[in-house]
Each structure stands twice: as structure tokens, then as C-alpha cells.
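Keep the viewer handy and follow along.

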Amino acid sequence: MNEKYEVSLFPFQQEVFDHKARFKIVAAGRRTGKSYLACVLAYHHALEKPNRRAILIGPTVSMIRESMWTTLKSLVAPQHMSGLPREIDLEIRFVNGSKISLKGFDRPDALRGISPSPSYIVLDEFAFIKQHAFTEVVLPMTSDPVRKASVLIISTPKGVSNDFYNLFCKGQEPNELWKSWQFTAANVRPDMAEEIELARSTLDLLTFQQEYAATFNTSGDSVFYNFNRELHVSDNLLPFDAHEDIHISIDFNVKIMAASVWAHRGDQLHCLDEFYGSADTTSLIRKIKKAYPNRSIIVYPDASGNARKSSAATGTTDFSLLRKADFKIRARNKQPRIIDSVNCVNSLLQDAAGNCRVYFNKHKCTRTIASMEQTAWKPGQTAGMDAAIIDKSKNNEHFSDGVRYICEMLYPISRDKPTVIRDRSWSF
Ligand SMILES: Nc1ncnc2c1ncn2[C@@H]1O[C@H](COP(=O)(O)OP(=O)(O)O)[C@@H](O)[C@H]1O
Ligand SMILES: [Mg+2]
């Protein structure tokens, strides 16, 4: 099977093609070439070794046929095929014994007990596949230790409360197994400029961003509506230098203990690290001291930590533990109104002139970033209401609570300062 086949890929497709991760996740705009890339990868996989089995799965059989079948048939060279493409089974057999088949999640039975188990799995338009399909159907298929199947997950995004978003976030963490990419149509397909402009002028902004810029739009209930991965997430932030103070926002919550680590630079806040999962305040303190020995550490905890007893012993509170550890504490006696701290964060994220003053390290602060995106108002008590309440039912607000504490402490908004009333006499 050494005959060459010529396929040309766009640079973004090549980057995904070349990467060594076993689980790859690609969020990209509509018609950028996701399905095409998947066909090329499956084809390459089938040719590389004999008796391989690739399955390409879409939300339904008819959707996967629509997006892949014609492309696949036109890609595969006749000399590689054993017989004709099988239109009924949507399957191509190779002379080396490998096979590529198309399947749909609308027929889950067809996905069970595939034998031999697949060695390559593509999930197309994954955000439109039913929830839990990945853990319940796909992961078990990858567990055959001999086959060690690789997985490619591709889709345009659809909000932040689904498996596609969660797996995308997993691929942003530094690890060998998972890797995710987000590609904007305008960046990776300059040849599509005309089509993109047409879409921009016909779609509303949020739909356009989702469909073409592949953004994970948060719902209308999103608390930090000014947060935008493209603007605020960076892999370019400088690490702490030897003399910088270490600022840490903390939300006390047993076993979660969400803490984000910040540098305060000029009038900007750079989130450079995070801690998660300590059993209690004492073990979080231990972790911080180990990561940042002999540094000046300033913490921004939840005001309630002053009262909350951390142990039954003589009135020990979270605050007294932090003080004993030689951390400086900056917290209010009483937490400001939620809406005030939220407004403060949103204006630091982006003010009316478009300036951003808060940034997050792309690989080290994945939980803080996800929390910024996912934190939502409680249904019925949303933005615009004085009594707006953050939805705590999904447990995704812990890190963003900390972000509120530090932003509000360092950059309080009007309430505590004299309000400047502009002279509007010139106005009509
Ligand atoms: N590397 C490539 N070479 C040639 N044609 C491509 C390439 N990538 C994508 N295309 C073409 O671009 C169009 C859109 O690609 P497709 O994979 O269906 O997009 P998506 O799945 O992202 O919506 C298709 O007609 C496809 O054949
Ligand atoms: Mg497609």
C-alpha cells in the first residue's frame, strides 16, 4: 500500500492532521472544511496499516451521508478500493482490508458491538449529537487496548452547556492526550471573504459569531457578557517575575476551593494560574506556599470567610488561617451587591472604548476561563434587576466569584466614590 495519493490541505487542516494527540477537537466555522479534513484523516488512517476500521458518525445517517459520502468517494483513489463504494451500507472497503463506514446517532443500535472495534472514530457536527453520547457510546468503543482508537470531534459550536464545549475545554489544558482548536472562517479561509461578508450582513451578530467565528456563545443569561475568548484569553502573558506580588482570589467551598492567581500590572489584571480541589483552607494554603515559596502573597477571599469557622477549635476562621500563613487579606466586611461587582468585572473586561484590562492564561487557567463563560443568572432574576442572583445550581460560578472579589476590591465602581455628575446643560 505505498502508492502515493495527492491531497492538498489548508494550513489549519494540516495543523490538525499533523498533531499527535489521540483525541482531537476542532471548533470551526461553517463550510471551512471540517468534514473534508475528517475524510482525509480517515482515509489516511485506513491506508496507513491493513485491517483498520474507521467510522464516521453524524447526528443522523442522512446528515453524515450529506456531509461526507460524496467527498469521501471522490477522495479515495480507485486503486485503493476493494470493489465499489457500498451505497446501502455507506461503506468503503480497501484492498488492504481496512474499512471506512458512515453511521448516525439516530440508529444507536448500529453503533453497539461493532466488530472488530473501530480504530478511528470521527464525530461530525458533534454539538448537535445528543448529550452523553460521548461517554456512553464513544468512550467504550475506544477502550479496546489493542485498537486504542483515536477520536476526531468536529463541529460548529452551540453554546456552553454541552459536551462539545466541555471536551473543547479539556483540549485546551496542557496534556498529551487531548488537543482542541478553534478556527475562525475569516482567518483560515481568506478565499471565503465574500461569502463571509454576505453572512455578516444577513445574520445577527451572535449567530454570525457562532456560525463563522466558531465562538461558544453564552446564552442571554450570561453574567460576564463582555468576556470573549478571542480578546481575553492569551498564551502570551509574561510569567511572574521574581519580585512581583502574587494576588490570589479565593472562593471558599469545601473540596472545590476555587483560587485564581493574578499579577497586577499597571491597570491590568493577568490571571496566570489557578488552584482547584483542595479539601479545605489549610490544604489550599499549603498548595499556595509550595507553588509560590517566599513570595509576598495577597489574597482576595469571600467576605464570609471572616465569620465562617474553619474548625471547631477556638474560633478559627478562614481569615485567621490565611493571616497565620502571612498572607495579606483584602476583603470587605460585607460583600458588595452582586450586580455592582458584576458590572465592575464587565467594565474591566471591556470598557465603552473597547479597552480590555483583564486577561487569562490560555493553558493554566482553563477552569477560571470556563467559569467566566458559563456563569449565568438565575432564571427569572437576571441582569437589569437590582436583585439579580447568580445561578449556583450548576456549580460553575466558583472561580468567577473570585474574579468578582479581586476586581471589585481593586477597582470598585461608583458606589464608594463620589459620583461625578456631568453637566448636561448643553444637551437637548
Ligand atoms: N483541503 C481542501 N481541498 C479542497 N476542497 C476542500 C478542502 N477543504 C474543504 N474543501 C471543500 O470546501 C467545502 C466545505 O467543506 P466541508 O468540509 O463540507 O465544510 P464543513 O464541514 O466545515 O462545513 C466542500 O465543498 C469541500 O469539498
Ligand atoms: Mg461538515
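H2 gives the shell around ligand 1 its largest share, 3 residues. Before going on, note that this is a predicted model, in which local features need pLDDT of at least 70, side-chain atom pairs count only at pLDDT 80 or more, and totals for chains, interfaces and linings use all residues. As for names, residues are numbered from 1 along each chain as its sequence is written, while chains are lettered from A and ligands numbered from 1 in the order in which they are written.

In total, 14 residues surround ligand 1, and the closest are Arg 31, Gly 33, Lys 34, Ser 35 and Tyr 36. Helix H2 (34–48) and helix H3 (61–75) are the elements that give two or more residues to this shell. "Near" here is a matter of the C-beta atom, placed from the backbone, lying within 6 Å of the molecule or strand. Helices (H or I, at least four residues) and strands (E, at least two) are DSSP runs, numbered from the N terminus. Sorted by class, the shell has 4 nonpolar, 7 polar and 3 charged residues. For that sorting, Ala, Val, Leu, Ile, Met, Phe, Trp, Tyr, Cys and Pro count as nonpolar, Asp, Glu, Lys and Arg as charged, and the others, Gly among them, as polar.

Now for H2 itself. How many of the 15 residues of H2 are buried? The count is 12 of 15, so H2 is largely enclosed by the rest of the structure. A residue is buried if 20 or more other C-beta atoms lie within 10 Å of its own, exposed if 12 or fewer, and partly exposed in between, with C-beta atoms placed from the backbone. The buried residues of H2 include Lys 34 and Ser 35, both also listed among the closest to ligand 1. The length of H2 checks out too: its 15 residues should span 21 Å at 1.5 Å a residue, and its end C-alpha atoms are 21 Å apart, which agrees. The expected span is 1.5 Å times one less than the number of residues.

Next comes the sheet. An open sheet is formed by 7 strands in the order S3-S4-S2-S5-S6-S1-S7, with mixed pairing. Strand S3 (91–93) and strand S7 (178–183) are at the edges with a single partner strand each, so one side of each has no neighbour in the sheet. From one strand to the next, the twist averages 15 degrees. H2 packs on this sheet, touching S1, strand S2 (53–58), strand S4 (99–104), strand S5 (120–123) and strand S6 (150–155), and its direction makes about 160 degrees with that of S2. Helix H4 (residues 133–142) lies across S5 and S6, at about 160 degrees to S5. Contact is taken as C-beta atoms, placed from the backbone, within 7 Å; axes are lines fitted to C-alpha atoms, for helices over the stretch in contact, and angles run from 0 to 180 degrees between N-to-C directions.

Some strand pairings are set out below; two strands pair if DSSP finds at least two bridges between them.

| Strands | Bridges | Direction |
|---|---|---|
| S1 (residues 23–28) and S7 | 6 bridges | parallel |
| S10 (residues 258–265) and S11 | 7 bridges | antiparallel |
| S11 and S14 (residues 358–361) | 3 bridges | parallel |

For bridge partners, Phe 23 goes with Trp 178 in S7, Ala 259 with Phe 275 in S11, and Cys 271 with Phe 360 in S14. Strand S11 (residues 268–275) is mostly covered, with 6 of its 8 residues buried. S10 and S11 make a hairpin with 2 residues between them, and Gly 266 in the turn has a positive phi of about 60 degrees.

A few backbone details are worth a click. Most residues other than glycine have a negative phi, and most peptide bonds are trans. Ser 115 and Pro 116 are joined by a cis peptide bond, with omega about -5 degrees, and Pro 116 sits in the loop between S4 and S5. Lys 148, not a glycine, has a positive phi of about 45 degrees and is found in the loop between H4 and S6. Lys 148 is exposed, with 10 other C-beta atoms within 10 Å.

Notes
Two residues are in contact if their C-beta atoms, placed from the backbone, lie within 7 Å.
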